[in-house]
Amino acid sequence: MKVFSLHTFLVWNQLPVWSAGRIKNYLPMETEKNFQNQNQLDGIDRNAWMTVTKQMYYGVLIYSICGVLANVVGPVNAVSSGISMISGNGGGGGGVFNILISLAIIAGYVMFFLGLKDFRNVVNIQDRDAVQKLFTATIISIVGYVLGLIPVIGWLLKGICVIVSCIMMLIGYSSLRKSQSFPGLACDGASKLYTAMILSIIGAVIGFIPLVGGVIGGILGIIAFVMIIIGWKRIAFVY
């Protein structure tokens with residue numbers, strides 16, 4: 001019978017420990033980090049991030065699609081309603097459409113607003129001020145669309161609120177695109193949202209010009225819409 005020395009016994013018993021440590025040392029840094037904590041990345045709770053940002057994304061989807069419909073269909077309804085009134089066939093269809101589309105936009109903003117309310121507690125403390133600006137801007141947008149339901153002067157009040165809201169969002173996204181704690185893809189999404197806000201502001205200002213303003217503003221609104229959807233999708237589905 002072969003006799004094993006005490007030294008041999010100790011080496012054999014330490015081998016699994018040594019091997020596990022050696023294997024761990026060769027793991028990529030990101031893999032080791034995920035192994036240590038699957039739910040945390042740069043101080044951000046992944047599960048909370050995904051839950052809240054997806055709610056915000058769908059809210060953005062609702063109010064953005066409805067906003068594009070308002071810019072495209074609204075002028076057509078206005079023209080058709082005018083023709084109907086001249087011909088004596090009434091002209092209330094456009095007004096009903098505007099009310100329904102405004103209510104849908106408000107619903108989307110409320111959904112986005114509720115998501116932002118929780119998102120302030122998900123991001124790191126250095127990004128909370130930027131998110132707070134988005135939060136305040138969303139309240140202004142909701143107020144603007146509610147005021148927009150007022151006959152005659154409502155469109156002007158809504159336009160002013162939208163411009164103020166876009167400026168505040170522009171400032172917020174400007175900070176988030178340079179965030180040190182956001183994942184790279186989320187920062188890229190914030191950059192696209194920053195550009196979209198610039199287009200939205202230009203479109204809203206041009207929209208005050210009679211006749212052509214609505215058309216040009218609508219085109220810029222569609223471009224901004226695409227960038228907003230891409231931007232928030234990158235933030236919401238970053239993990």
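Axes here are lines fitted to C-alpha atoms, for helices over the stretch in contact, and angles run from 0 to 180 degrees between N-to-C directions. Helices (H or I, at least four residues) are DSSP runs, numbered from the N terminus. This is a predicted model, in which local features need pLDDT of at least 70, side-chain atom pairs count only at pLDDT 80 or more, and totals for chains, interfaces and linings use all residues. Residues are numbered from 1 along each chain as its sequence is written, and side-chain values use heavy atoms, with hydrogens and water left out.

**View 1. Helix α5 packs with α6.** Look for α5 at residues 128-147; the axes of α5 and α6 are 8 Å apart, at an angle of about 170 degrees. The two helices are therefore roughly antiparallel (angles over 145 degrees). Their crossing is left-handed, a term used if the near helix is turned anticlockwise from the far one by less than a right angle. In this contact you will find 16 nonpolar, eight polar and two charged residues. Ala, Val, Leu, Ile, Met, Phe, Trp, Tyr, Cys and Pro count as nonpolar, Asp, Glu, Lys and Arg as charged, and the others, Gly among them, as polar.

**View 2. V152 sits in the loop between α5 and α6.** Although V152 is not a glycine, its phi is positive, about 70 degrees. V152 has 74% relative accessibility, so it counts as exposed (over 50% relative accessible area, with a 1.4 Å probe and protein chains only).

**View 3. Helix α6 meets helix α7.** Here α6 covers residues 154-176 and α7 covers residues 184-206; their axes come within 8 Å and cross at roughly 160 degrees. This pair is therefore also roughly antiparallel, and its crossing is left-handed. Residues in contact (heavy atoms within 4.5 Å) include V162, I163 and L170 in α6, and L193, M197 and I201 in α7. By class, the contact of α6 with α7 has 17 nonpolar, two polar and no charged residues.

**View 4. S179 lies in the loop between α6 and α7.** S179 has a relative accessible area of 9%, so it is buried (under 20%). Leaving aside residues up to four places away in sequence, S179 touches D127 and C187.

**View 5. Y239 is found in the segment after α8 (212-236).** Now find W49: W49 and Y239 are 190 residues apart along the chain, and their C-alpha atoms are separated by 8.7 Å.

Methods:
Angles under 35 degrees count as roughly parallel, over 145 as roughly antiparallel, 65 to 115 as roughly perpendicular and the rest as oblique.
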